[in-house]
Amino acid sequence: MNLSPASELSLQELSTLFSRSFADYFVQVPDSPCLFDARVRSEHISLVDSRVAREGSEAVGLILIARRGRVSRIAAMGIIPAYRNRKLGGAMLGPLVEEARARGDTRMLLEVIEQNIPAVKLYERMGFQRVRRLVGFAGTPAPEPASPLKEVEPAECTRLLPEGLPWQLAPSTVAGLALPARAFRLGPAVAVLGDTSAPTLALSAIAVEPAARDQEADTRLLRAIAAAHPGNPLAVSAIVPEGLCERFFLQASLVWSALSQLEMTYVPD
Ligand SMILES: CC(C)(COP(=O)(O)OP(=O)(O)OC[C@H]1O[C@@H](n2cnc3c(N)ncnc32)[C@H](O)[C@@H]1OP(=O)(O)O)[C@@H](O)C(=O)NCCC(=O)NCCS
């Protein structure tokens with residue numbers, strides 16, 4: 001097996017390899033250069049530091065590395081089905097952990113679906129430790145028409161988010177979300193939605209001005225979004241730290257998603 005920089009492949013080739021490496025996965029990973037490009041930009045994935053794994057001339061796996069300052073993140077790691085369960089994962093990840101150490105990263109992060117036993121085993125074997133559980137929600141809030149929602153920039157939500165959120169909810173990720181993601185404000189609450197034309201509305205972030213917290217402005221915003229998109233359920237990926245805001249989502253008639261994630265970290269010596 002040899003590893004080469006992902007930046008040597010075209011966006012189309014990377015998107016196809018990404019999709020094939022996540023075949024038979026918990027969620028569908030479509031071959032979409034457009035979605036792949038949006039992920040690279042908003043999550044600060046460095047294609048120069050990301051690696052394609054090859055057996056001979058065949059591309060068999062991919063590790064995407066995101067970087068912010070001295071922290072790096074395994075943004076995705078996958079192997080095409082025929083090459084899984086042969087300890088290739090460790091052989092791919094080991095050199096990248098060494099590279100992170102060599103460039104002086106203070107820690108590496110990742111999130112893994114808790115029910116993904118082979119992946120959790122691999123990361124624990126490589127020295128990653130569990131930090132916290134991340135949970136998701138889905139459902140249809142009771143619709144409540146409101147004065148029209150005002151479209152705003154995702155950055156308006158960014159400045160209201162608290163410190164210490166996981167990578168995909170961090171202000172730098174949310175600020176980088178671009179069309180088809182769109183942000184809407186109702187009074188003091190701002191929400192960022194993924195593609196608003198999709199049958200399920202992905203809620204990427206929601207936050208309320210500090211002075212108006214505990215006044216259910218966020219619930220009113222969710223209900224107004226439901227009224228603006230009748231019949232379309234809302235889904236929050238498993239990226240929300242457990243214990244942070246389940247009361248809010250459950251109050252808004254959403255329920256826990258079946259899949260949860262573990263946030264894990266590795267601190268190089
Ligand atoms: C997750 C993945 C990268 C692991 O790489 P790999 O090279 O196949 O992993 P390994 O061969 O080292 O196997 C990992 C461990 O899981 C175990 N395992 C494999 N399938 C299993 C199963 N169905 N149930 C329980 N354990 C299983 C293996 O025995 C091994 O255990 P060990 O560490 O105790 O020896 C690879 O399977 C993959 O690409 N999966 C699809 C994409 C994915 O899930 N990516 C991770 C996203 S965070």
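How much area do domain 1 and domain 2 bury between them, and what percentage of it is on carbon and sulfur atoms?

A: Domain 1 and domain 2 bury about 850 Å² between them, and 64% of that lies on carbon and sulfur atoms; buried area here is the accessible area, taken with a 1.4 Å probe, that two parts lose on being put together, summed over both. This is a predicted model, in which local features need pLDDT of at least 70 and side-chain atom pairs count only at pLDDT 80 or more, while totals for chains, interfaces and linings use all residues. Residues are numbered from 1 along each chain as its sequence is written, and side-chain values use heavy atoms, with hydrogens and water left out.

The domain assignment (automatic or from a database) places domain 1 at 2–105 and domain 2 at 137–261. Taken over C-alpha atoms, the centres of domain 1 and domain 2 are 29 Å apart. Eleven residues of domain 1 and nine residues of domain 2 take part in the contact, where contact means heavy atoms within 4.5 Å. On the side of domain 1, Ser42, Arg68 and Arg73 together supply 57% of the area buried against domain 2, more than any other three residues.

The ligand is the next part to consider. It is surrounded by 22 residues, of which Met77, Ile79, Asn85, Lys87 and Arg125 are the closest; a residue is near it if one of its heavy atoms lies within 4 Å. Strand E4 (71–79), helix H3 (88–102), strand E5 (107–113) and helix H4 (117–125) each give at least two residues to this shell, and H4 gives the most, with seven; helices (H or I, at least four residues) and strands (E, at least two) are DSSP runs numbered from the N terminus. A backbone N or O atom of glycine 89 lies 2.7 Å from an oxygen atom of the ligand, and a polar backbone atom of arginine 86 is 3.2 Å from a ligand oxygen. In arginine 84, an N or O atom of the side chain is 3.5 Å from a nitrogen atom of the ligand.

Some local features complete the picture. A cis peptide bond, with omega about 10°, joins leucine 179 and proline 180, and proline 180 sits in the loop between helix H6 (171–175) and strand E8 (182–186). Aspartate 24, in the loop between helix H1 (11–21) and helix H2 (33–42), has a positive phi of about 60° although it is not a glycine. Glutamate 209 belongs to the loop between strand E10 (201–208) and helix H7 (217–228). Leaving aside neighbours within four places in sequence, glutamate 209 is in contact with Arg159, Leu160, Arg185 and Pro188.

Technical notes:
A polar contact is a pair of N or O atoms within 3.5 Å; within protein, one must be able to donate a hydrogen and the other to accept it, and residues adjacent in sequence count only if both atoms are side-chain atoms.
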